Amino acid sequence: MKLSVKKGDNVIVITGENKGKTGVVKTVNKETQRVIIEGVNLQSKHTKPNAQYPQGEIVKQEGPIHVSNVALVSDGKATKVGRKTEGGKSVRFARTTGKNLD
């Protein structure tokens, strides 16, 4: 199954507690249909004490968001992604503007 977003795409969160936040896709997991977006859905992770941090620490890291909760950004607005074939290859395009994304 092909997803509408790829690594490096600029996206906006359209639902949930992070609604309205934008960022760049860091990773895409096709099996679970989830993406990790830079600077969005930050979660606290507690680490055990070690030699470098004798008291331990709390690390903020991005959590996964389902693909259906994000939309691709084209010309500053959220857009749906369409697919068409050009020269025998499948190409993604923004449905609102008609511009090719790849």
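## Glu-17 and its loop

Glu-17 sits in the loop that links strand 1 and strand 2, where strands are DSSP runs of E with at least two residues, helices are runs of H or I with at least four residues, and both are numbered from the N terminus. In this predicted model, Glu-17 is exposed, with a relative accessible area of 75%. For that label, exposed means over 50% relative accessible area, buried means under 20%, and partly exposed is in between, using a 1.4 Å probe and protein chains only. The C-alpha atoms of Glu-17 and Val-5 are 20 Å apart, with the two residues twelve apart along the chain.

Asn-18 also belongs to the loop between strand 1 and strand 2 (22-29), but Asn-18 counts as buried because its relative accessibility is 9%. Leaving out residues up to four places away in sequence, Asn-18 touches Val-13, Val-40 and Asn-41; a contact here means heavy atoms within 4.5 Å. Lys-21 is another residue of the loop between strand 1 and strand 2, and at 41% relative accessible area Lys-21 is partly exposed. With the same exclusion of residues up to four places away, Lys-21 touches Val-11, Ile-12, Val-13 and Val-40. Lys-21 and Val-70 are 49 residues apart along the chain, while their C-alpha atoms are separated by 9.7 Å.

## How the model was read

Residue numbers start from 1 along each chain as its sequence is written, and the model is a predicted one in which local features need pLDDT of at least 70, side-chain atom pairs count only at pLDDT 80 or more, and totals for chains, interfaces and linings use all residues. Side-chain values rest on heavy atoms, with hydrogens and water left out.

## The chain as a whole

Let's step back to the overall fold. The chain has zero helices and ten strands, giving the pattern β-β-β-β-β-β-β-β-β-β along the sequence. The radius of gyration is 17 Å, well over the 13 Å that the globule rule gives for 102 residues, so the chain is more spread out than a compact globule. That radius is taken over C-alpha atoms, and the globule rule is 2.2 Å times the number of residues to the power 0.38. Along the principal axes, the C-alpha atoms fill a box of roughly 60 × 30 × 20 Å.

Of the 102 residues in the chain, 26% are buried. Among contacts between residues at least 6 apart in sequence, 38% join residues at least 24 apart. The accessible surface is about 7100 Å², and 49% of it belongs to carbon and sulfur atoms; these areas come from the Shrake-Rupley method with a 1.4 Å probe, and for residues only the protein chains shown count as cover.

In soluble globular proteins, nonpolar side chains tend to be buried together. Here the largest nonpolar core has twelve residues: Leu-3, Val-5, Val-11, Val-13, Val-25, Val-35, Ile-37, Val-40, Ile-65, Val-67, Val-70 and Leu-72. Strand 1 (10-13), strand 3 (34-37) and strand 7 (70-74) are the elements that give two or more residues to this core. A nonpolar core is a set of buried Ala, Val, Leu, Ile, Met, Phe, Trp, Tyr and Cys residues joined through side-chain atoms within 4.5 Å.

Leu-72 is worth a look in the viewer. Setting aside neighbours within four places in sequence, Leu-72 is in contact with Val-5, Asp-9, Asn-10, Val-11, Lys-77, Ala-78, Thr-79, Val-81 and Leu-101.

## Two residues with positive phi

Asn-41 has a positive phi of about 60° although it is not a glycine. Asn-41 lies in the loop between strand 3 and strand 4 (42-47) and counts as buried at 13% relative accessibility.

Asp-75 likewise has a positive phi of about 60° without being a glycine. Asp-75 is found in the loop between strand 7 and strand 8 (77-79), and is exposed, with a relative accessible area of 54%.

## Towards the chain ends

Met-1 is in the segment before strand 1 and counts as exposed at 75% relative accessibility. Not counting residues up to four places away in sequence, Met-1 touches Lys-30 and Gln-33. Met-1 and Gln-33 are 32 residues apart in sequence and 9.6 Å apart in space, C-alpha to C-alpha.

Val-91 belongs to strand 10 (residues 89-94) and is buried at 12% relative accessibility. Beyond residues up to four places away in sequence, Val-91 touches Gly-82, Arg-83, Lys-84, Glu-86, Asn-100 and Asp-102. The C-alpha atoms of Val-91 and Asp-102 are separated by 6.5 Å.
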